[in-house]
Amino acid sequence: MNLRSALLFALLAGTALAPLCLAPPAMAQESGLSYTQTLSPDAVRAVQGRLNALAGYQGPINGAWGPDSEAALRNFQQNNGLQVTGQMNQATAATMGLDVASLVGAAGQVPAPAPAPLATAAPPPPPAPAPAPAPAPQPAPAAAPGPIFALSNNSVRIIQARLRQLGFYNGAIDGEWGGGSQTALQAFQQAHGLPADGHLNAASVQAMGIDPASMQPR
């Protein structure tokens, strides 16, 4: 083997041993407007019932959300490959077999006021009782998780149109939530004394003069 053949052989051998590396593909991120709604006790009971059947929740099904309920929800999300947020969302509700629209509908129901009692003659006031000792302060219960879902394009257009009508938005009414829409929402929240976090919830929607029940998921 001459010198030229030996060099060519060494070059080919080095090429064969070089590892092949592929760069990971870029992950596409979907941006949009999400809507949060507080759950009613009936809706919380429905979630607790599903957690009892699917996630081993052993706490009371009483419509009061506490640490045991949240821990069971996180455990369910982790075991089912969902994002572990401790919050109800469209994917979690669907995996549980619950309908987000029914949860939101239950949350929006307002009980009818009780009829006023007939006026009667007031009895003489009883003697004032001795003051009772002040009870020990109790820790505040954990807030129930509200359903979180991406809004449909039609609902986004409603929000954009209302923000434009109120003078906070001058972009296109196209149903696509972008930086201009987000800035307008935060400016509106700040102007109305709401937390300027850019999260759309029932308080922000009502402040705009829109019925929260009209918000539809994507």
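Predicted model: local features only at pLDDT ≥ 70, side-chain atom pairs only at ≥ 80, totals over all residues.

Me: Where do F168 and F188 lie?

Reply: F168 is in the loop between helix 6 (153-165) and helix 7 (179-191), and F188 is in helix 7. The pair therefore ties together parts that are 20 residues apart in sequence.

Me: Which other residues of helix 7 are buried?

Reply: Besides F188, the buried residues of helix 7 are S181, A184, L185 and Q189.

Me: What do the buried residues of helix 7 pack against?

Reply: They pack against helix 6, strand 3 (200-201) and helix 8 (202-207).

Me: What span should helix 7 have?

Reply: With 13 residues at 1.5 Å a residue, helix 7 should span 18 Å. Its end C-alpha atoms are 18 Å apart, which agrees. Just after helix 7, G193 takes a positive phi of about 70 degrees.

Me: Let us turn to helix 6. Which of its residues are buried?

Reply: The buried residues of helix 6 are S155, V156, I159, Q160 and L163. Viewed down the axis, they fall within an arc of 140 degrees, so they line one face of helix 6. Helix 7 and strand 3 are among what covers them.

Me: And what span should helix 6 have?

Reply: The 13 residues of helix 6 should span 18 Å at 1.5 Å a residue, and its end C-alpha atoms are 18 Å apart, which agrees. Just after helix 6, G167 takes a positive phi of about 90 degrees.

Me: Which residues does L163 touch?

Reply: Leaving aside residues up to four places away in sequence, L163 touches F168, Y169, W177, S181, A184, L185, F188 and M208.

Me: How many residues are in the largest nonpolar core?

Reply: The largest nonpolar core has 37 residues. Those with the most contacts inside it are L51, M88, I159, L163 and L200.

Me: Which elements give two or more residues to this core?

Reply: They are helix 2, helix 3, helix 4 (90-96), helix 5 (100-108), helix 6, helix 7 and helix 8. Helix 2 gives the most, with 4 residues.

Me: A change of topic: how many salt bridges does the whole structure have?

Reply: A search of the whole structure finds 2 salt bridges. One joins the side chains of R45 and D42, at 2.3 Å from N to O. The other joins E70 and R74, at 3.4 Å from N to O.

Me: Where do R45 and D42 lie?

Reply: Both are in helix 2 (residues 41-54), 3 residues apart, about one turn of the helix. R45 is partly exposed at 32% relative accessibility, and D42 is partly exposed at 48%.

Me: What separates E70 and R74?

Reply: E70 and R74 are 4 residues apart in helix 3 (residues 67-79), so about one helical turn separates them. E70 counts as partly exposed at 27% relative accessibility, and R74 is partly exposed at 32%.

Me: One last point. Where does G49 lie?

Reply: G49 lies in helix 2 and counts as partly exposed, at 25% relative accessibility. The C-alpha atoms of G49 and G63 are separated by 9.8 Å, the two residues being 14 residues apart along the chain.

How values were computed: Residues numbered from 1 in each chain as written. Heavy atoms only, no water. Expected span 1.5 Å × (residues − 1). Buried < 20%, exposed > 50% of the residue type's maximum accessible area, 1.4 Å probe, protein only. Contact = heavy atoms within 4.5 Å. Salt bridge = Lys/Arg side-chain N within 4 Å of Asp/Glu carboxyl O. Core = buried A, V, L, I, M, F, W, Y, C linked by side-chain atoms within 4.5 Å. Arc of directions from axis to C-beta.
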